[in-house]
Number of protein chains: 2
Amino acid sequence: MIKSDVISIFSQNMKELRVKKGLTQEELSFKAGLHRNYISDTERGRRNVSLKAVQKIASGLEVTIQELFAQTI
Amino acid sequence: MIKSDVISIFSQNMKELRVKKGLTQEELSFKAGLHRNYISDTERGRRNVSLKAVQKIASGLEVTIQELFAQTI
């Protein structure tokens, strides 16, 4: 597996998918049940999020968890 | 996305992939750079692991992160 940083892959995918879906960070935070600051910190790669947060973000974006770890979108 | 529990999906996939690769928990803990108890707790679904731990487990198993979140193996 290429040694790329999972946190930057995850945070970039998360932002791209949110923008693609036309959601604001506020709307995603509401849909995911996570605080808005948590969403913005995570998108900036500042959080080593847990599996449960990953599931909340995936369901808030209505994507599969695998999509959040895709190497290229 | 079907509301299944990401922790049980992850822990089952992790164990199945480890056994498929013929690795003991000890060998995986060495390859992943994680404590053996951490590996066994995670396989029993007792840990809400972080992204960095997910990356270590994936690289210790020599699989992609997506494989660890596959709904069926």
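Student: How many of the 11 residues of helix 4 (residues 51-61) of chain A are buried?

Tutor: This is a predicted model, in which local features need pLDDT of at least 70 and side-chain atom pairs count only at pLDDT 80 or more, while totals for chains, interfaces and linings use all residues. Residues are numbered from 1 along each chain as its sequence is written, chains are lettered from A and ligands numbered from 1 in the order in which they are written, and side-chain values use heavy atoms, with hydrogens and water left out. Helices are DSSP runs (H or I, at least four residues) numbered from the N terminus, and buried means under 20% relative accessible area with a 1.4 Å probe, protein chains only. By that rule helix 4 of chain A is mostly covered, the number of buried residues being 8.

Student: Which element of chain B gives the largest share of the side that touches chain A?

Tutor: Across the interface the rule finds 12 residue pairs in polar contact, both residues at pLDDT 80 or more, where a polar contact is a pair of N or O atoms within 3.5 Å, one able to donate a hydrogen and the other to accept it, and residues adjacent in sequence count only if both atoms are side-chain atoms. The elements of chain B that give two or more residues to this side are helix 1 (6-20), helix 4 (51-61) and helix 5 (65-68). The largest share, 6 residues, comes from helix 4.

Student: How many salt bridges does the rule find across the interface of chain B and chain A?

Tutor: The two chains bury about 2100 Å² between them, 67% of it on carbon and sulfur atoms; this is the accessible area (1.4 Å probe) lost on being put together, summed over both. For a salt bridge, a side-chain nitrogen of Lys or Arg must lie within 4 Å of a carboxyl oxygen of Asp or Glu. Across this interface the count is 0.

Student: Is Arg18(A) buried or exposed?

Tutor: Arg18(A) belongs to helix 1 of chain A. Beyond its neighbours within four places in sequence, its contacts (heavy atoms within 4.5 Å) include Leu28(A), Glu43(A) and Leu61(A). Because its relative accessible area is 8%, Arg18(A) is classed as buried.

Technical notes:
Buried < 20%, exposed > 50% of the residue type's maximum accessible area, 1.4 Å probe, protein only.
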